[in-house]
Amino acid sequence: MKHGILKTFLWLVVLWLPGCAPVATTAPTQEISPTTQPPGGVQYHPLNTLTTLPEIDVIIRAVAGGDPQDLRNLFAYTEIACMTVNALGGPPPCRENEAEGTVVEVLPSLGPEGSFLRKDEAQNFPGLNVTGLYAVYRVPDAAFSDPSYPAGEYAIVYVSDSAAPEVVLQARNGKIVRIDYVFGYPESNELLPKGVTEFLLEPVSK
C-alpha cells in the first residue's frame, strides 16, 4: 500500500515538472559560464555545458535538447523479479496478471522512497524540465546502490526551480540507470554526497 501511494506521488512530481521552466534548446557547447542564480543564491552551468567524456555528453545533449524521446532512448532498464508483497525499498510490485518472481524491466527512481518506471510505460515519461546543470561527478564507492536501485558510474546533477525537486541522473556506459529526486535543496546540501572526490564538471561555487 505504501509503495502504491509513493509511486503515485512520484509520478505526480514527474508529470508536474514540465510546467516549471523551459529547457534550453541551443546547440551544445563546451563553454562553461554561470547563469543567473536560482533561489538560495546557488549558481549553475548552462544546460548545454559539456564535459570531456562523450558517454556523459550524450545524456547532457538529450536533456538540453528537450525531446523526451531522446532521453527515453538512453534509459538502461534493470531486469528484476517482481514481488506481490513489496517491502519498502524492495523490488517492484507485480501487476495483477503477473505471478511473483516474474522478471520485469524497470528504471528505478529514488526520492523520499523508491519507485519504478516499467519499460512498457516509458512512453509516458514527459522528460525533465530543469533550469541548469549543477555538476557531474564520479559516484563514490560509498554511495547507495542496490540490485533494485543500481548506482551509476557518474552522476549528472540538475537544478530545478524552488518548487520542484532537483534531479540527479545516475549514468553508466552512456545510459541512465537511475533517476534520483532530491528534495529540500539547497538547505539539505545533498546534491553532492559525502565522498565525492572526482569531478567531470565542478559546481560553479561549492
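## Strand pairing and the hairpin

Two strands are taken to pair if DSSP finds at least two bridges between them; strands (E, at least two residues) and helices (H or I, at least four) are DSSP runs, numbered from the N terminus. In this predicted model, local features need pLDDT of at least 70 and side-chain atom pairs count only at pLDDT 80 or more, while totals for chains, interfaces and linings use all residues. Residues are numbered from 1 along each chain as its sequence is written, and side-chain values use heavy atoms, with hydrogens and water left out.

Strand 2 (residues 103–110) and strand 3 run antiparallel and are joined by five bridges. The two form a hairpin, with three residues between them. Ser-109 has Ser-115 of strand 3 as its bridge partner.

## Burial of strand 3

Five of the five residues of strand 3 are buried, meaning under 20% relative accessible area, with exposed over 50% and partly exposed in between (1.4 Å probe, protein chains only). One side carries Gly-114, Phe-116 and Arg-118, and the other carries Ser-115 and Leu-117.

## Aromatic pairs

Rings of Phe, Tyr and Trp (its six-membered ring) pair if their centres lie within 6.5 Å; planes under 30 degrees apart count as stacked, over 60 as edge-to-face and the rest as tilted. The count comes to three aromatic pairs. Phe-75 and Phe-125 form an edge-to-face pair, 5.3 Å centre to centre with 80 degrees between the planes. Phe-75 lies in the loop between helix 3 (68–72) and strand 1 (78–81), and Phe-125 in the loop between strand 3 (114–118) and strand 4 (132–138), so the pair ties together parts that are 50 residues apart in sequence. Both Phe-75 and Phe-125 are buried.
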